[in-house]
Amino acid sequence: MNDRKAVPQKANGMKIHFIGGAHEVGGSCSVVEVGARRLLVDCGQRMGGGDIDRLPDLARVQELGPIDAILVTHAHADHIGALPLIHLAYPQAPLYTTEATLALMRIMLADSLRIMQSRWLQEAEIPLYPEHAVLSMLARVKTVPLGQVLPLCQGEVQMTFLLSGHVLGACSLTLDTAEGRVLFTGDYSVDAQRTVDPLVVPKIRPHVVITEATYGNRLHANRKAEESRLAEAVAAVVTAGGKVLIPAFALGRAQEVLLILIHEQRVGRIPRFPIFVDGMVRNICQTYSLFPEFLGQRLRKQVQQEGNPFFYVGSPARAVETKNRESVPLGEACCIVASSGMLTGGPSQFYAAELASNPINAIFITGYQDEESPGAKVLAMADQVEPTMRLMDRWVTMRCKIARYNLSAHADAVQITSLIATLGPRRCYLVHGDTGARQALAQMMPPGLSVLLPSNGEMAEFQTS
Ligand SMILES: [Zn+2]
Ligand SMILES: [Zn+2]
């Protein structure tokens, strides 16, 4: 698969193949082609609920031919969930990412192997990939220091990772080639979060930018105000004797929610109450404290002085062991932070089914919800008279409080527009967003800039001359 023809002197422009995650949030996968060189950027799964095709069109990648290197922006499953499959097809291709992302990939992929194994045992669903694919793939990963220019393809391509905010280890990447300079923003945040600083804007001007557009049709609420609103609402329910479930993505959102609630308790703005943490959140929290150089300035200092900022002696956060899970809904008033973030499975779905029928309890949604996901259905229930929905294979009447808080780890419409105007590329591709978000964003972009909205399966060509 890797026998290579002679590299032509003139490459005839750059091609970008949008394999997955172009007109959708999920299954991110692109291939950049310069001459006979091909670099694959991210390879994730679609994460929403329902009967969807989980994988991007990997056959399309194979049709293109050999892959020289695989570049990974961050460890969310919509960017790494199909990497073990692509590794089986291209076992010799090295993978490059940051040290923190590699550590997170180990946890995320071990968790998905565990989930696939239990689906096999319970529902005879064949796993998407075997364990040896994950192990041999992880052994091929090379970590790249932040900001360091890395020569790839025998020096024909120079790659640089810069932190992009979003979650621990997340980066944008710049590819410098004879045919132009392209920037993949990856997922990024412009607001400072409790865990990570905002994205680092590259100093050099790219010809082409491929930006995420998740919230291309939204403006975020003031972050600090939203954090206080959430903490106060959780405290009000718990003080009245109820339990609050916050379904949260195990990587990123869960750490943000925990730090908000722990901090507000520490400074006495809300009373002390236990915060139960369930799912793979705990392992990921541990990883956050192992990589202080990737953390935001304030948290970095705290970690260097006090160690793990989530689970320390006297912390209100308590990890739930699986064998004790059923006792939590029966116990004291509390907040529960559990994965998965869209209630598609995992402990959050169990807690939602247990808590939802009692009006004293609450479910607070803080993150992106795929249209088809149970989380989106819960939000839609908020205005209904006698709302019922299926959770954990049974009908549940939703009598609890339901509310949404915007703690996004993605840039909003104005922040994206402003970044692109600052970078000043010739062409900009909007990806990682639905049609509404991308069309709204395209309207806001600087005049004279060529803005394109590719669909999955499309190929774009670019020439500097
Ligand atoms: Zn992400
Ligand atoms: Zn993403």
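Guide: Let's start with a term: two residues are in contact if their C-beta atoms, placed from the backbone, lie within 7 Å. This is a predicted model, where local features need pLDDT of at least 70, side-chain atom pairs count only at pLDDT 80 or more, and totals for chains, interfaces and linings use all residues. Residues are numbered from 1 along each chain as its sequence is written, while chains are lettered from A and ligands numbered from 1 in the order in which they are written.

Visitor: What share of contacts in the protein between residues at least 6 apart in sequence join residues at least 24 apart?

Guide: That share is 73%.

Visitor: How much of the protein is called buried?

Guide: A residue is buried if 20 or more other C-beta atoms, placed from the backbone, lie within 10 Å of its own. Of the 465 residues, 48% pass that test.

Visitor: What are the bounds of domain 1 and domain 2?

Guide: Domain 1 covers 15–218 + 409–462, and domain 2 covers 223–404; such bounds come from an automatic or database domain assignment. Between the two, 27 residues of domain 1 are in contact with 27 of domain 2.

Visitor: What pLDDT does the protein average?

Guide: On this scale of the predictor's confidence in each residue, from 0 to 100, the average is 94, and 97% of the residues score at least 70. Over residues 1–9, though, the pLDDT is below 50.

Technical notes: A residue is buried if 20 or more other C-beta atoms lie within 10 Å of its own, exposed if 12 or fewer, and partly exposed in between; C-beta atoms are placed from the backbone.
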